[in-house]
Amino acid sequence: MGKGLENRLFAHRIKLDPGERQLMISFLGGGLAAYDLTGNPIWFMESNGYRAPELYIGDTAIIADYPGNNENKSRHRVASYHYDGTLRWEYEVESFPGEVKHGRDGNVYIRASSTEIEDTEELIIFQQ
């Protein structure tokens, strides 16, 4: 069992990378990991207070959409990782996160607002 996986009882999402060499797994207890196809861990990343991320598999990156935990529901983070587990970029929303969409154009679209009023909404665009 890989480092840090002892407390991760259930897989939340499992996705295959584009080269079909790694399984990307998010865990209900938090965290993100990659395994080779024989089940050996490649890398593991703690969630740092976030619940299990939703995963979007891009051509060049893994996009992880981390919702806040029960104590801090408004926190929300979106991160892009290389397939070796290194961070490419991250964006953290401190209030009222919205949708995260992975576009076919290779961009990641994040809708966020600073208040509950719809007209203060903003759209942030990142490359994978």
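Mentor: Before we start, a residue counts as buried when its relative accessible area is under 20%, and as exposed when it is over 50%. Please keep in mind that this is a predicted model.

Trainee: Thanks! Where in the protein is confidence lowest, and where is it highest?
Mentor: For the protein as a whole, the mean pLDDT is 77, and 71% of the residues reach 70 or more. The lowest confidence belongs to strand S11 (residues 121-127), with a mean of 66. At the other end, with a mean of 91, the highest confidence is found in S3.

Trainee: Which residue in S2 is the bridge partner of Ala11?
Mentor: In a sheet, strands pair through backbone hydrogen bonds, either parallel or antiparallel. S1 and strand S2 (residues 22-27) take the antiparallel sense, over 5 bridges. In S2, Ala11 is bridged to Phe27.

Trainee: Which residue in S4 is the bridge partner of Leu32?
Mentor: S3 and S4 also run antiparallel, with 4 bridges joining them. For Leu32, the bridge partner in S4 is Met45.

Trainee: Is Ser26 buried or exposed, and which residue's backbone oxygen does its side chain reach?
Mentor: Ser26 lies in strand S2, and it counts as buried because its relative accessibility is 0%. Beyond four places away in sequence, the residues that Ser26 touches include Phe10, His12, Leu32, Ala52 and Leu55. At 2.9 Å, the Ser26 side chain reaches the backbone oxygen of Pro53.

Trainee: What positive phi does Gly39 take in the hairpin of S3 and S4?
Mentor: Gly39 sits in the loop between strand S3 (32-36) and strand S4 (41-45). It counts as partly exposed because its relative accessibility is 43%. In space, the C-alpha atoms of Gly39 and Leu23 are 8.7 Å apart, while in sequence these residues are 16 apart. The hairpin has 4 residues between its strands, and there Gly39 takes a positive phi near 95 degrees.

Trainee: Which phi does Glu20 have, and is Glu20 buried or exposed?
Mentor: Most residues other than glycine have a negative phi. Glu20, found in the loop between S1 and S2, counts as exposed because its relative accessible area is 53%. Although Glu20 is not a glycine, its phi is positive, at about 55 degrees.

Trainee: Which residues on the two faces of S6 are buried?
Mentor: In a regular strand, side chains alternate between the two faces of the sheet. Strand S6 (residues 62-67) is largely enclosed by the rest of the structure, because 6 of its 6 residues are buried. Both faces are covered, with Ile62, Ala64 and Tyr66 buried on one side, and on the other Ile63, Asp65 and Pro67.

Trainee: And which residue in S8 does His76 stand opposite?
Mentor: S6 and S7 are joined by 6 bridges and run antiparallel, and His76 in S7 is the bridge partner of Pro67. Strand S7 (residues 76-81) and S8 are antiparallel too, also with 6 bridges. In S8, the residue opposite His76 is Val93.

Terms used
Residues numbered from 1 in each chain as written. Predicted model: local features only at pLDDT ≥ 70, side-chain atom pairs only at ≥ 80, totals over all residues. Heavy atoms only, no water. Buried < 20%, exposed > 50% of the residue type's maximum accessible area, 1.4 Å probe, protein only. Pairing = 2+ DSSP bridges. Polar contact = N/O pair within 3.5 Å; in protein donor to acceptor, adjacent residues only side chain to side chain. Contact = heavy atoms within 4.5 Å. pLDDT = per-residue confidence, 0-100.
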